[in-house]
Amino acid sequence: MNQNEDLLNEIAQKLNIKKGISEDSSLWKQRVIYSAIGFMALASLWHIEDDEPISIVHFKDRIEKQIYAYRELYPHIMQRFRVNLEELGQELYDIYKATGFIYHMPNRISASKETEARIGTMVFIRGANLKKNVCMSGLGTYFKSTDTFTQKTLSEMFRLPEQTLEEEYNSLVIERDWSVIDINQQVEYLRLYPPFSRGYWKESPDTDGSVSLLRFGMPSERIYYLYKFENNQCLGKALQYWRVNEKEYRRLANVLLYHKGTLPPILFSEVGEIVKIQQQYLLPPSELCFLKLYSWPANFLKLPSDFNRVISKEIFGAVKETLEKLGYRFTKE
C-alpha cells in the first residue's frame, strides 16, 4: 500500500467512513473523498486571512482546489468522480446553507455557532470546532455519546416541520374559502396515483372529490391552486407564493398523496456498514436537504443525485426515526 492510499485510509478512519459489504473499493474511496471535501470546505469558513470576510466564491474555490488535489493524488479513482466542478460547489453550498451550517450575510458567509441535537446515542452536530473528533455520513457531522444533554430537537436544528403529514393536511384544507374557477389556459394537475415514473403532473383533473393541486403559467411564474370537483364544478383556492416557491409545492404534494394513501415508501437495503436508500417520490425541500446532508450520492457521475443515496448504517436509524415521526414510510427491500 502506497503513501497516498494510507492517507485515504487515515481520512476514512478519522471520519468513521466504513466500506459496505461487496462495495466497489473505488466507490468507497470516492465517498471518502466527497466527505473530506465537505470537511475542508467547512474548515475554510474558519480560515480568515488579513481580516477579509469569507465569500461564497472563496468557499467554492476551496472545493475546486480540493478536487484538483485529489485528481493529482488519485487519478485512477477520480476518473469515475465525474461531477461538474461548478455543480459540486453549488450542491455543497446549497446543502450546507439549507441545513444551517452556513450563515449567509451581505457579501460574506460564516460558520454557524455550535449546536447539537440527539436521538439515542447519536448526536447531530452543526458548527462544530473541526479539531473535535467528529464522524461524517455524507456531508453531515455527528458523534456518539451517552450524555443526555441536548440543545435542540432535530426539527428545530434542521428546519424540519413540526406537524406530521396528516396534521399538515388538516390545516391545509380546513375552513378553506373554495370558489368556482375557470382557467382559460393549459393546466397541469398533480398525479395522485402511481405510476409516478411518468411524471408528477398530468393533463386531466381528478373529478372524484379529492383535494389536489393544479398549476398553470410559465415555469418561472407558475400559479398554484388547491382544487376539488363538486357537482361537476371545479372549486379552487389560490396558494400563497411561499407555499409553492423553490420546490415547496412538493410539500403539498407529499401531504396530499399521504392523505390519499398513495405516497410511496422510501426503499432501503442494508449492505454491511452502509444503507442504500431509494426515494420513489421526492421529499419536500427541508426533509430532502436533511437526508442529503447525512448521505452520499449513489454514484459521482452527475449531480444532483436525489433519488438514490447511501448513508452510514450507524446513523440511518436516527434519520429514519426522524422522518417516520413526520409520517414518511420506509420499506426494507
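Trainee: Which residues of helix 10 are buried?
Mentor: In this predicted model, the buried residues of helix 10 are Pro285, Ser286, Glu287, Leu288, Cys289, Phe290, Leu291, Lys292 and Leu293. The helix spans residues 285-293 and is mostly covered, with nine of its nine residues buried.

Trainee: Turning to helix 2 and helix 3, how do their axes cross?
Mentor: The axes of helix 2 (residues 25-44) and helix 3 (residues 56-73) come within 9 Å and cross at roughly 145°. The crossing is right-handed.

Trainee: Which residues meet there?
Mentor: From helix 2, Ile33, Ala36, Ile37, Met40, Ala41, Leu42 and Ser44 take part. Their counterparts in helix 3 are His58, Phe59, Arg62, Ile63, Gln66, Ile67 and Tyr70. By class, this contact has ten nonpolar, three polar and one charged residues.

Trainee: And asparagine 16, is that buried or exposed?
Mentor: Asparagine 16 counts as buried because its relative accessibility is 18%, and the cut-off for buried is under 20%. Asparagine 16 lies in the loop between helix 1 (3-15) and helix 2.

Trainee: What does asparagine 16 touch?
Mentor: Leaving aside residues up to four places away in sequence, asparagine 16 touches Cys135, Met136, Tyr142 and Glu314. With glutamate 314, the side chains make a polar contact at 2.8 Å.

Trainee: Last topic: how do strand 1 and strand 2 pair?
Mentor: Strand 1 (residues 102-105) and strand 2 (residues 108-111) pair in the antiparallel sense over four bridges. In one of these, isoleucine 102 has alanine 111 as its bridge partner.

Trainee: What lies between the two strands?
Mentor: Two residues separate them in a hairpin, and asparagine 107 in the turn has a positive phi of about 70°.

Terms used: Residues are numbered from 1 along each chain as its sequence is written. This is a predicted model: local features need pLDDT of at least 70, side-chain atom pairs count only at pLDDT 80 or more; totals for chains, interfaces and linings use all residues. Side-chain values use heavy atoms; hydrogens and water are left out. Two strands pair if DSSP finds at least two bridges between them. Buried means under 20% relative accessible area, exposed over 50%, partly exposed in between (1.4 Å probe, protein chains only). Axes are lines fitted to C-alpha atoms, for helices over the stretch in contact, and angles run from 0 to 180 degrees between N-to-C directions. A crossing is left-handed if the near helix is turned anticlockwise from the far one by less than a right angle, and right-handed if clockwise. Contact means heavy atoms within 4.5 Å. Ala, Val, Leu, Ile, Met, Phe, Trp, Tyr, Cys and Pro count as nonpolar, Asp, Glu, Lys and Arg as charged, and the others, Gly among them, as polar. A polar contact is a pair of N or O atoms within 3.5 Å; within protein, one must be able to donate a hydrogen and the other to accept it, and residues adjacent in sequence count only if both atoms are side-chain atoms.
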